[in-house]
Amino acid sequence: MGQRRSGGRVTGGAAERGAAGRRSPALIVGRTVACSVGLSVFAASGVVWYEYTSLTDGMTTSNAIAETKKDAPKHLDNSVNLLLIGLDSRKNMDGSDVDPAIVQNELHAGADSSIGGYNTNSLILLHIPANGGKVQAVSVPRDDWVMTYNGDGSEMGMAKIKEAYGNAKDRFDKSSRAKGLKGADLEKAGRDAGRAATIRTVQRFVDQPVDHIAEVNLMGFYDIAKALEPIDVCLTHPVDDPIISRTPGHEGGGTGLKLPAGVSHLNAADALSFVRQRHNLNDGHGNSDDFARTHRQQAFISSVMHKLKQQGVIGDLGAMQKLFGVVQKDLVIDNEWNILDFAQQAPALTGGNVEFNTLTYDTGGKKGDPPQDVNLVTPAKIQKVVKQVFGGADAAAPVAAPSDTPTGSATETPAAPPAPTQAAAPATVDVFNASSAAGVSSANEAKVLVGMGFKQGTTGPARTKSKTTTVTYGKGAKEAADQIAARYGVTATESASAGVGRVVVTLGTSFDGVASDRPATPATAPSDPAANLPMQGPKVDAQSDGGIPCVF
């Protein structure tokens, strides 16, 4: 990358627009992409695509997602989970060092390219409901002490969650799989190993599938922020973070950022400092500097989405051409991202209909060799919270009636069932419904069973009106039938009429659903799935404060 000029703080003005003329593009898709910094943040942006095939032209794509989908938890509908990865790396895509002068003078991030390694210092999982509604995003604290996994699911050991990427990359680089690879090819393969490990580790930790990823490193954030500056941010208190040493051996810990309370208009360098500041940030809610910084990241995303929406950047050919040129070289996305499918849900993002929360932890502690400060967490607690937040978002979104349900019947999309304690035995499951309870249908129940790992068979109304739910099975399907029967609290019985390798579930007239499927919706705030749940500090709502949320 070439030399860039350092800029001072911007105090006003619109984003620079390209000079190209306007014309109707063949396909206009408003889309949110992630850009992150190495101690870091994501910024949302919209991109105009003239043709579907231009999605990946000139852009780095990763096939890491394929390896991690094999045994991932399953959605019960067409909702999408997008993992935003902020890579704390001073390396270019080919493994070469970013110009040290740029890193030190413009990014204020030190001159040593080894700083930060390949830590994922920002991990944000966005849940986009299938039929619209508010997008729920949870930030995973970088220092959570968790079991980390390779992309193939094998354990790497306990570590900070941010270290899964770098540890897996290092293992790959030293393995026989790296033999014969050099330069950019070795770097790409190693990073794919890191991405797969990060995806797998996050999936296991929160017990949610990761459908797509977007990754940008330190330089990528700067480039995208440069294309979008000035960007408005809001502080509840003034900040003064001089560049001084806080700890021996950690010189230059401050960012040099000095801003007043209220709204400020930031250029790219100051935007980077805004989201990287890690000292003098105790936010008054008992949160550490690390968590207060996470709220800065969330607020910054909200401000960028607000800017794109208010200035009509989406659809502006000149502005989009400039931004697209930056995204091409800085953004990494998975190679399974179907833009046409995703575009149906993107308006909720580009419209600012997003709520951010930060996952909490049990207590602080010392782990590792040598010992280091970590967040001690209980995965089961985290999984329960995330399930309630994402399940609540799905319940709040409008839901289309299943095809086998009469028009006008009350329906709901059930939340994901608890992860089974053992793999589902092979069987095809037929579901028939005799219940008239609201939200109950054979199609909905079949989705739950498919989510547990069984193959869907026939669905429809039951021929008889038995009060109790029954589970019958044919030859070779006893194990599967017992697993399914346990869900309903009944005993499976063998029946030749079920068919070989098949299980038949008949929902009785008294069936009104399984309690564990129903997402908890707080009575005090039914529109807020995260209300009254344990989170680290207050939420950041992208639609609050006129689209520019104020944070500490």
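## A bridge between two cysteines

A disulfide is a pair of cysteine sulfur atoms within 2.5 Å of each other. With that in hand, let's go looking in this predicted model. How many disulfides does a search of the whole structure find? The search turns up 1. The partners are Cys-234 and Cys-550, and their sulfur atoms sit 1.7 Å apart, which means they fall within the 2.5 Å cut-off. If you look along the S-S bond, the angle about it is 50°, and the link of Cys-234 and Cys-550 is right-handed.

This pair ties together distant parts of the chain: Cys-234 belongs to strand 8 (residues 231-235), Cys-550 belongs to strand 22 (residues 550-551), and the two are 316 residues apart. Is Cys-234 buried or exposed? Cys-234 counts as buried, because its relative accessibility is 6% and the cut-off for buried is under 20%. Cys-550, at 31%, counts as partly exposed.

## Two helices that cross

Next up is a pair of packed helices. Two packed helices are described by the angle between their axes and the distance between those axes. Here the axes of helix 5 (residues 218-228) and helix 6 (residues 268-276) come within 8 Å and cross at roughly 130°. That angle makes helix 5 oblique to helix 6. The crossing of helix 5 and helix 6 is also right-handed.

So who is doing the touching? On the helix 5 side, the contact is made by Leu-218, Phe-221, Tyr-222, Ala-225 and Lys-226. Helix 6 brings Ala-268, Ala-269, Ala-271, Leu-272, Val-275 and Arg-276. Sort the residues of this contact by type and you get 9 nonpolar, no polar and 2 charged.

Most residues other than glycine have a negative phi, and most peptide bonds are trans. Which residue has a positive phi although it is not a glycine? That would be Asp-207, with a phi of about 55°. You can find Asp-207 in the loop between helix 4 (183-206) and strand 7 (212-217). Asp-207 is partly exposed, with a relative accessible area of 25%.

Asp-369 and Pro-370 are joined by a cis peptide bond, with omega at about 0°. Pro-370 lies in a loop too, the one between strand 14 (363-367) and strand 15 (372-376).

Definitions and conventions
Residues numbered from 1 in each chain as written. Predicted model: local features only at pLDDT ≥ 70, side-chain atom pairs only at ≥ 80, totals over all residues. Heavy atoms only, no water. Helix = DSSP H or I, 4+ residues; strand = E, 2+ residues; numbered from the N terminus. Buried < 20%, exposed > 50% of the residue type's maximum accessible area, 1.4 Å probe, protein only. Axes fitted to C-alpha atoms, helices over the stretch in contact; angles between N-to-C directions. Parallel < 35°, antiparallel > 145°, perpendicular 65-115°, else oblique. Left-handed = near helix turned anticlockwise from the far one by under 90°. Contact = heavy atoms within 4.5 Å. Nonpolar A, V, L, I, M, F, W, Y, C, P; charged D, E, K, R; others polar.
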